[in-house]
Every structure is written in structure tokens, then in C-alpha cells.
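Please keep the sequence and the structure in view while reading.

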Amino acid sequence: MVNYRPRDLDRVFATLSDPTRRAILARLAEEDSVTISALAEPFSIKLPAVMKHLDVLSDAGLIRRSKHGRTVNVRLSPAPLRGATEWLRHYERFWSPALDRLAAHAERKETQARASEAKVRR
């Protein structure tokens with residue numbers, strides 16, 4: 001197993017625990033660079049609150065900010081996410097079989113539902 005830095009992992013997982021921060025990261029994953037005001041736009045919270053979320057993301061190393069004149073752009077910095085993903089991958093063996101069984105069960109139910117619908121239509 002890879003030697004992980006517990007403090008870094010703790011910081012990443014704590015940062016990801018907030019839905020607003022996850023939404024910000026999702027937006028940054030879609031766009032290369034976004035201004036802070038554009039990032040704040042879809043949220044019902046005030047700009048200072050968004051700025052605090054950005055500080056937390058920055059402290060965890062998940063974003064990078066760059067200033068161009070009066071505009072501050074934000075970019076995703078995925079390296080800490082890779083570390084967290086590698087850590088999670090070690091435990092994947094515990095949930096993968098259960099998810100495979102769940103998928104197979106859902107597929108059986110869907111097949112049964114389609115068969116029932118086909119009988120009703122006849």
C-alpha cells in the first residue's frame with residue numbers, strides 16, 4: 001500500500017464533506033478557469049461565504065487562484081484528489097462485489113418489469 005500522509009488526506013476529505021465545495025469543484029472540473037464572481041453566481045450564499053469556501057479549497061490544495069488585473073480566476077488542482085482516490089481504491093474490494101450484485105439485481109428487476117409491460121400491452 002502506498003504511504004499516505006494522514007493530515008493531507010484528512011484535509012481533503014474534510015473539504016469534500018461540504019456540498020458547496022463539491023459543487024465548486026464540479027464546476028471547475030468542467031471549465032478550465034472560472035472567475036470568482038462566476039463561481040459564486042449559482043449559489044444562494046453571499047460572496048464572502050463563497051470566498052471562505054475557496055479558502056478552504058485552497059488550503060487543501062484543491063484549487064489555484066491567479067490574479068489578472070482586478071479579476072481573480074480559479075482553477076482545479078487535482079493532485080490531492082488523486083491521493084484520496086488512491087487511498088479509497090485500497091478499500092474498493094469491500095464495496096465492489098456488493099455494487100455488482102446490486103447492478104445485477106436492478107437489471108433483473110428491469111427485465112421483469114419490461115416483460116410485465118409487454119404482457120399488459122398484448
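How many salt bridges does the structure hold? The structure holds 4, a salt bridge being a side-chain nitrogen of Lys or Arg within 4 Å of a carboxyl oxygen of Asp or Glu. Side chains of opposite charge can pair when their charged atoms come close. The model is predicted, so local features need pLDDT of at least 70 and side-chain atom pairs count only at pLDDT 80 or more, whereas totals for chains, interfaces and linings use all residues. Residues are numbered from 1 along each chain as its sequence is written, and side-chain values use heavy atoms, with hydrogens and water left out.

One of these bridges joins Arg 65 to Asp 55, with 2.6 Å from N to O. This pair connects distant parts of the chain: Arg 65 belongs to strand 2 (residues 63-68) and Asp 55 to helix 4 (residues 47-59), 10 residues apart. Helices (H or I, at least four residues) and strands (E, at least two) are DSSP runs, numbered from the N terminus. Arg 65 is partly exposed at 32% relative accessible area, and Asp 55 is partly exposed at 37%. Here buried means under 20% relative accessible area, exposed over 50%, and partly exposed in between (1.4 Å probe, protein chains only).

Arg 114 is exposed, at 56%, while Glu 110 is partly exposed, at 39%.

Arg 27 and Glu 31 also form a salt bridge, at 2.8 Å from N to O. Arg 27 is partly exposed, with a relative accessible area of 22%, and Glu 31 is partly exposed at 32%.
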